[in-house]
Amino acid sequence: TAVKPDEAGILRRAAQGLLTNQVATGPGPSAAVKILLQTEAVTPGQPAVRWYLGLAAAQTNKPDAARTYWARLVTVLPPGGEEAKTVKAAMDALRNK
């Protein structure tokens, strides 16, 4: 069934939980990525979704995809803010990969 816009936040939080539980143990699960992609399709442009899609890409050794998600994310964050700095630092960490 299709995801409704009011369900997008629930899906994002579910995917976030799956990914954050995997940080110490290995790549993010494909189930989380599927949920995030569904959420992005229904409610595009959510900063948290872009962050976690980038994180999942980075964890699965897809640095170009991670940079793409994070480059789009940084454009919607307040310039010079802590979140923008965090995203830029994550992108910089991928330069050698």
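Q: Leaving aside its neighbours within four places in sequence, which residues is W51 in contact with?
A: In this predicted model, W51 lies in helix α3. Once neighbours within four places in sequence are left aside, the residues in contact with W51 are W70, L73, T86, V87 and A90.

Q: What distance separates the C-alpha atoms of W51 and L73?
A: L73 is one of the residues in contact with W51. The two lie 22 residues apart along the chain, and their C-alpha atoms are separated by 6.9 Å.

Q: Does W51 count as buried, partly exposed or exposed, and what is its relative accessibility?
A: Buried means under 20% relative accessible area and exposed means over 50%, with partly exposed in between. W51 has a relative accessibility of 22%, so this residue counts as partly exposed.

Q: Which residues of α4 are buried, and what arc do they cover around the axis?
A: The buried residues of α4 are P63, A66, Y69, W70, L73 and V74. They sit on the same side of α4, because around the axis they cover an arc of only 130°. An α-helix has 3.6 residues a turn, so residues three or four places apart point the same way. The arc asked for is 130°.

Q: Which helices are included in what covers the buried residues of α4?
A: The buried residues of α4 include W70 and L73, and both of these are in contact with W51, a residue of α3. The cover over the buried residues of α4 includes α2, α3 and α5.

Q: How far does α4 reach from its first C-alpha to its last?
A: α4 has twelve residues, for which 16 Å is expected at 1.5 Å a residue. The reach in the model is close to that value, at 16 Å.

Q: At what angle do α2 and α3 pack, and how far apart are their axes?
A: In α2, the residues V33, L36, L37, T39 and E40 meet V49, R50, Y52, L53 and A56 in α3. The crossing of the two helices is left-handed. α2 and α3 pack at an angle of about 145°, and their axes are 10 Å apart.

Q: Which side chain is joined to that of Q46 by a polar contact of 2.2 Å?
A: Q46 lies in the loop between α2 and α3. Its relative accessible area is 18%, which means that Q46 is buried. The polar contact of 2.2 Å joins its side chain to that of T43.

Q: Is N61 buried or exposed?
A: N61 is found in the loop between α3 and α4. This residue has a positive phi of about 60° although it is not a glycine. With a relative accessible area of 62%, N61 is exposed.

Note on methods. Residues numbered from 1 in each chain as written. Predicted model: local features only at pLDDT ≥ 70, side-chain atom pairs only at ≥ 80, totals over all residues. Heavy atoms only, no water. Helix = DSSP H or I, 4+ residues; strand = E, 2+ residues; numbered from the N terminus. Buried < 20%, exposed > 50% of the residue type's maximum accessible area, 1.4 Å probe, protein only. Polar contact = N/O pair within 3.5 Å; in protein donor to acceptor, adjacent residues only side chain to side chain. Expected span 1.5 Å × (residues − 1). Arc of directions from axis to C-beta. Contact = heavy atoms within 4.5 Å. Axes fitted to C-alpha atoms, helices over the stretch in contact; angles between N-to-C directions. Left-handed = near helix turned anticlockwise from the far one by under 90°.
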